[in-house]
Amino acid sequence: MGTKFPLTGWSSVAIHGGHQAEPRHAHLTPIYASSTYVFDSAEQGMNRFTGKEPGYIYGRFGNPTITEAEEKIAALETFGLPIEAKAILHASGMAALSTLFLSNLKAGEKILTHFSLYGGTEELIHRVLKDLQIETIITDLHNLQQAESILQNDPAIRMVYLETPANPTLQCVDLEALISLAKKYGKKVACDNTFATPYLQQPFAFGADFIMHSTTKFLNGHGTAIGGVLIGTDLEFMKTTATKKHRLLGANSNPFDAFLLIQGMKTLEVRMERHCHNAMEVANYLDGHPAVAKVNYTGLHHHPHQAIALKQMRHPGAMLSFELKKGLEGGMEFLNRLQMCVRAVSLGTCDTLLSHPASTTHVGVPREERMKYGITDGLIRMSVGMESIQDILQDLEQALATQ
Ligand SMILES: *Cc1c(COP(=O)(O)O)cnc(C)c1O
């Protein structure tokens with residue numbers, strides 16, 4: 001950043017944070033499409049490898065476009081907080097999770113987490129970590145007394161892993177309460193902050209050690225690239241252990257995707273304001289609709305976790321889900337009738353995206369199993385976009401007309 005005074009506004013940091021003056025006076029940091037970097041001398045090569053001199057070496061280790069994206073995210077996740085953090089950009093959210101778990105846990109150690117994790121995270125835990133003898137305890141973390149007794153009695157637990165809000169019913173867990181419990185028993189805490197973004201929620205403010213994002217979603221904001229980031233407040237750990245794992249797992253991002261991410265993050269505040277405003281309108285509209293059995297949105301007073309969401313989030317977010325009374329058939333019919341809103345999985349793009357988990361993401365999951373997670377036959381998941389609200393509502397209205 002070029003200013004001599006500290007930037008105090010959120011969007012100023014989002015726009016200018018992490019930017020370094022360009023030696024060739026390009027306004028934006030270019031896409032550094034180069035796999036390797038030149039040493040002026042053999043001595044310089046040695047100094048870079050031994051860490052005596054900073055500088056780029058090889059594209060899998062780092063790249064100037066990627067560095068800007070990393071520093072911007074770290075600045076936003078620590079905005080207004082008296083702490084520093086280091087971010088490492090990854091090829092995907094799943095890659096960031098792989099670095100997180102594999103750099104913190106070894107065979108015989110355990111993770112404590114809650115129900116309703118992102119599907120990929122749950123599969124990573126069950127299909128990859130389990131084979132490495134890293135076990136996971138999944139429990140109801142709304143029961144703080146029970147959470148405390150598990151933490152107190154199982155010294156093998158090394159990490160508490162939280163995701164809030166979470167799919168598909170927008171369940172929230174209490175960051176302040178759970179992080180302070182975990183700290184009391186000396187456990188590390190990691191949070192998936194993808195749904196909230198650093199604009200709506202800052203887990204570091206409550207003492208989290210790590211934050212991960214799928215940058216594919218709101219941080220990129222335009223649906224143009226897959227990416228993930230791991231951010232940590234233990235700078236030494238991030239620079240050594242986590243960096244080593246990231247490099248050796250080959251989990252690096254690339255300069256083109258990093259460039260798209262940088263441009264996306266600059267508008268995060270204005271985008272989230274609009275997303276959240278539209279989401280509240282949509283939630284109110286659906287809540288009164290005769291074809292809808294239930295709306296899951298933490299902005300509505302009947303959501304069981306509204307108090308938790310209000311306590312730790314600036315706004316209730318842009319994700320919601322609702323249940324159509326007509327079930328499986330109704331869900332598919334509704335999706336087929338949409339004209340402007342887009343039928344797709346993923347979230348966080350300017351365009352409104354809707355999906356029907358029972359016929360897509362969860363089609364292979366036995367019915368009783370998915371019902372436990374609130375994925376009923378007629379459940380529709382919606383990532384409310386930034387279109388003009390009257391057109392979103394009109395599309396929903398006409399698509400619901402036959403329900
Ligand atoms: C998408 C997503 C992930 C995984 O991220 P990818 O970029 O798809 O690898 C993890 N957590 C949440 C909450 C997500 O929405």
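The sulfur of cysteine 350 lies 13 Å from the closest cysteine sulfur, that of cysteine 341, which is too far for a bond. Cysteine 350 is partly exposed, at a relative accessible area of 23% (buried is under 20% relative accessible area, exposed over 50%, and partly exposed in between, with a 1.4 Å probe and protein chains only). For cysteine 276, the closest cysteine sulfur is in cysteine 172, at 12 Å, again too far for a bond. Cysteine 276 is buried, with a relative accessible area of 5%. A search of the whole structure finds 0 disulfides, a disulfide being a pair of cysteine sulfur atoms within 2.5 Å.

The model is predicted, and local features need pLDDT of at least 70, side-chain atom pairs count only at pLDDT 80 or more, and totals for chains, interfaces and linings use all residues. Residues are numbered from 1 along each chain as its sequence is written, and side-chain values use heavy atoms, with hydrogens and water left out.

The loop between strand 4 (157-163) and helix 7 (175-184) holds proline 165; helices (H or I, at least four residues) and strands (E, at least two) are DSSP runs numbered from the N terminus. Threonine 164 and proline 165 are joined by a cis peptide bond with omega of about -10 degrees. Proline 168 is in the loop between strand 4 and helix 7, and its peptide bond from asparagine 167 is cis, with omega near -25 degrees. Leucine 170, in the loop between strand 4 and helix 7, has a positive phi near 60 degrees and is buried at 3% relative accessibility. Glutamine 133 also has a positive phi, of about 60 degrees, but is exposed, with a relative accessible area of 52%.

The second largest pocket has a volume of about 760 Å³. On a 1 Å grid over the protein atoms alone, a pocket is an open set of points where a 1.4 Å probe fits, with protein on both sides within 12 Å along at least five of seven lines, and lining residues have an atom within 4 Å of a point. Grid points are joined across faces, edges and corners, and the volume is the space filled by probe spheres set on the points. Helix 5 gives the largest share of the lining of the second largest pocket, 6 residues. This pocket lies between domain 1 (10-265) and domain 2 (269-399), because both give residues to its lining; the domain bounds come from an automatic or database domain assignment.
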